[in-house]
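This briefing is intended for reading alongside the sequence and the three-dimensional view. Please consult both as the topics are taken up in turn.

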Amino acid sequence: MMYFSLRTVYQSKYIISVSFNTNYHPWRVNIYHMDTQTTYLLIAELVLLMHTVFVGFVVVGLLLIIIGKFFSWSWVLNPWFRLMHIIAIGIVVLQSWLGMICPLTTIEQELRERAGDDIYSGSFIAHWLETILYYQAPAWVFITIYTLFGAAVLASWFWAKPRPFSCSK
């Protein structure tokens with residue numbers, strides 16, 4: 001008999017329980033009832049995770065492109081990866097120039113407010129830099145940083161040229 005169980009706990013409530021038992025039910029997934037406040041907080045955490053992954057993709061993506069150029073990694077020249085990367089930073093730069101707060105930040109804050117949780121003002125990056133590094137700066141500093149980073153991504157497009165898109169028939 002083999003038994004495996006994974007439970008996700010959020011604020012002392014079981015949300016999802018996944019179990020694998022070879023004797024009875026090969027796979028069983030139980031989703032327990034959550035109150036509205038917990039649901040909003042869980043979704044806010046998922047939006048925060050998605051936002052963090054997006055930021056990681058933009059920042060780490062550029063680092064990997066630069067390193068990949070030196071080590072001749074062919075995957076960093078993938079045109080789809082490079083196109084998604086330049087579009088991602090392009091959206092960030094455009095939002096900063098227009099004075100917009102990222103929609104993911106707005107969604108996360110709205111969900112936290114509905115759950116009765118604390119919310120922060122300003123942009124995601126500004127908030128977490130302030131929280132992690134105790135660093136405060138006016139909005140123009142972040143606009144400049146986003147613009148320079150976007151310029152670096154654009155320069156990497158020409159420095160480490162992606163392979164051309166191929167048409168397969």
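In what order do the elements of the protein run from the N terminus on? The order is β-β-β-α-α-α-α-α, made up of five helices and three strands. The model is predicted, and its confidence is therefore reported before the details of packing and of single residues.

**Confidence of the model**

- The mean pLDDT of the protein is 79, and 69% of the residues score at least 70.
- Strand 1 (residues 3–10) has the lowest mean pLDDT among the elements, at 45, whereas helix 2 has the highest, at 95.
- Over residues 1–12 the pLDDT stays under 50; for this stretch the model has 33 contacts beyond four places in sequence.

**Overall organisation**

- The protein has 169 residues, of which 30% are buried.
- Of the contacts between residues at least 6 apart in sequence, 52% join residues at least 24 apart.

**Packing of helix 2 and helix 5**

- Two packed helices are described by the angle between their axes and the distance between the axes.
- For helix 2 (residues 79–98) and helix 5 (residues 139–159), the angle is about 155° and the axes are 9 Å apart.
- Helix 2 is therefore roughly antiparallel to helix 5, since angles over 145 degrees count as such.
- Helix 2 contributes Arg-82, Leu-83, His-85, Ile-86, Ile-89, Val-92, Val-93, Ser-96 and Trp-97 to the contact.
- Helix 5 contributes Ile-143, Tyr-146, Thr-147, Phe-149, Gly-150, Val-153, Leu-154, Ser-156 and Trp-157.
- Sorted by class, the contact of helix 2 with helix 5 comprises twelve nonpolar, five polar and one charged residues.

**Ser-72, in a loop**

- Ser-72 is located in the loop between helix 1 (36–71) and helix 2.
- Most residues other than glycine have a negative phi.
- The phi of Ser-72, by contrast, is near 55°, a positive value in a residue other than glycine.
- Ser-72 counts as exposed because its relative accessibility is 64%, and the cut-off for exposed is over 50%.

**Arg-114, in a helix**

- Arg-114 belongs to helix 3 (residues 103–115).
- With a relative accessibility of 52%, Arg-114 also counts as exposed.
- Arg-114 and Tyr-40 are separated by 74 residues in sequence, yet their C-alpha atoms are 6.8 Å apart in space.

Methods: Residues are numbered from 1 along each chain as its sequence is written. This is a predicted model: local features need pLDDT of at least 70, side-chain atom pairs count only at pLDDT 80 or more; totals for chains, interfaces and linings use all residues. Side-chain values use heavy atoms; hydrogens and water are left out. Axes are lines fitted to C-alpha atoms, for helices over the stretch in contact, and angles run from 0 to 180 degrees between N-to-C directions. Helices (H or I, at least four residues) and strands (E, at least two) are DSSP runs, numbered from the N terminus. Angles under 35 degrees count as roughly parallel, over 145 as roughly antiparallel, 65 to 115 as roughly perpendicular and the rest as oblique. Contact means heavy atoms within 4.5 Å. Ala, Val, Leu, Ile, Met, Phe, Trp, Tyr, Cys and Pro count as nonpolar, Asp, Glu, Lys and Arg as charged, and the others, Gly among them, as polar. Buried means under 20% relative accessible area, exposed over 50%, partly exposed in between (1.4 Å probe, protein chains only). pLDDT is the predictor's confidence in each residue, from 0 to 100.
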